[in-house]
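Have a look at the structure first.

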Amino acid sequence: MNSIQKNRIFDQAFKVWGIGCTLFGLILLAVFIGDILIDGIMRIDWDFITDLPSRKAEKSGIYTALMGSIWILLLTTVIAFPVGVAAGVYLEEYGKKNRFSAILEINISNLAGVPSIIYGLLGLEVFVRIMGLGASVLAGSLTLSLLILPIIIVATREAIKSVPKSIKDASYALGASKWQTIWNQVLPASSGGILTGVILALSRAVGETAPLIVVGALAYVPFAPESPMDEFSVLPIQIFNWISRPQHGFIENAAAAIIILLLITFIMNGIAVYFRNKWQKKLK
Amino acid sequence: MAKEIEIIMETVTEQIPANSIIDSSLKKKATIEVKDVKVWYDTFNAIKGIDMNIKPNTVTAFIGPSGCGKSTFLRLFNRMNDYVEDFRMEGKIKVNGSNIYKKKVNVEELRKEIGMVFQKPNPFPKSIFDNVAYGLKLQGITDKQLIEELVIDCLKQVALWDEVKDDLKKSAMALSGGQQQRLCIARTLAVQPSIILMDEPTSALDPISTAKVEELIFKLKEKYTIVIVTHNMQQASRISDYTAFFYLGELVEYNKTKTIFTNPEKQQTENYITGRFG
């Protein structure tokens, strides 16, 4: 066997190995989803979505948890979106390149890696206790906002960085101020990337459990929240609660709730992909 | 080929209307005076002390090999180097008599007075109309009819109107390179500057588009003072009234274009324009 043949075999072997690695995660996910679907799909109907929680599995629904998740999602968006984008714009466009900004940069990357339970403890101390918000939707949203801020900031910076310098030059050369250039050129040209980042960050927030448990989200709330100061539950906590019950009926409920939660995150990721593609086309 | 270009130039000339709205409003005589200007990037001395006067309603060409500082020098006039890190400058540049590097100078106002066209056509990823209207909107002009009139006028001035009049809402990115560059010139004219700086405006264009832009520059000279950086000797000799030859951050020779190209004073200049180096 000469070296050319050897190289060819190695080439093929690596290809097969690569395909295997790629499929590994996908197959596991497919098996998991299949399993969940078998367990839960029959349980999903309109009543399951609109029923309040109950001690009896077959009467239990996800209404309060779903509404809690939607409340959390909306409030987190309202808080984290403007703050994160503004911080990203500042760091990319205004911040001077010095040691201070380098330290800031490293710390923001670090923040993105901090375990979510730590954010929960921070939220418990600052929002629930010091600010006296209690175990409310607002306290939960503020906590999750902190959690996803670094992701939004990093995504915003990347999106802004990809705006060609020539566009900014053109704007400045026409007598635009810095803010006019950012508002009229930079932000529109990077909006797709920013939106993608924000949606991906939010889809992470909607699946978070640990920090919300620490903040005091309840496993059982009799009513859906009606204001930011109400107590709440969210889908992942509802799922966690049901899974820890011994009765088979609740396992079915958990599977059904997982399907709903997955559906929400898949839809959000789909929207993110849509924006990204649209944005890439526009810049070309 | 030469004949073809001639014919195209003729048609372009016909397309440019003799008088336009902006025409009457612009009677300013724009001058640039440069006194002992030096520029550093960090420790690199990019420009080593240049004096120069640029006369109104002329085309002045900057020539010289890559890295000689001509683009840096051009960008001093509208303070585009301000964004470059580690940029440092000494000396005075007076535009219409006032030093533009004084502390109190409003850079935005300065750039409305001195427009710039870049090497690569850089339209905004917006519609053709919005590209030209952008500068007007920056100035807070909201009168839709006035904006529309000015946009149409500027597009006519650059001889682009007939090509795009039915597609004003279309993205400027869909235009050809030559059309994009003329759009960028139209966009610059809309702000009503008195001086237009051009940084190798045709280096990314094909010969026919180049001919159109050159013809346009020739026309614009009547109303604007134009400074153009070019790598193309023929271009410099065709369109400019004055030519400045830069080498290693110094102004080697600055004179009437005719003199520079037929009877240069310095040996270095002659070597460069005859293609012996650079």
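This is a predicted model: local features need pLDDT of at least 70, side-chain atom pairs count only at pLDDT 80 or more; totals for chains, interfaces and linings use all residues.

## The sheet in chain B

Strand S1 (residues 32-41) of chain B runs antiparallel to S2(B), and eight bridges link the two. Strands here are DSSP runs of E with at least two residues, helices are runs of H or I with at least four, and both are numbered from the N terminus. Two strands count as paired if DSSP finds at least two bridges between them. Within this pair, B:Val39 sits opposite B:Ile47 of S2(B).

Zoom out and you get an open, antiparallel sheet of four strands in chain B, ordered S2-S1-S4-S5. Its edges are strand S2 (44-54) and strand S5 (98-99) of chain B, each pairing on one side only.

## Where the chains meet

The contact draws 16 residues from chain A and 19 residues from chain B, with "in contact" meaning C-beta atoms, placed from the backbone, within 7 Å. On the chain A side, helix H7 (165-173), helix H8 (178-205) and helix H11 (248-283) each give two or more residues. H7(A) has the largest share, six residues.

Residues are numbered from 1 along each chain as its sequence is written, while chains are lettered from A and ligands numbered from 1 in the order in which they are written.

The predictor gives the complex an ipTM of 0.85 and a pTM of 0.81. Chain B averages a pLDDT of 87, with 90% of its residues at 70 or above; pLDDT is the predictor's per-residue confidence, from 0 to 100. Watch residues 5-27 of chain B, where pLDDT is below 50.

Definitions and conventions:
Two residues are in contact if their C-beta atoms, placed from the backbone, lie within 7 Å.
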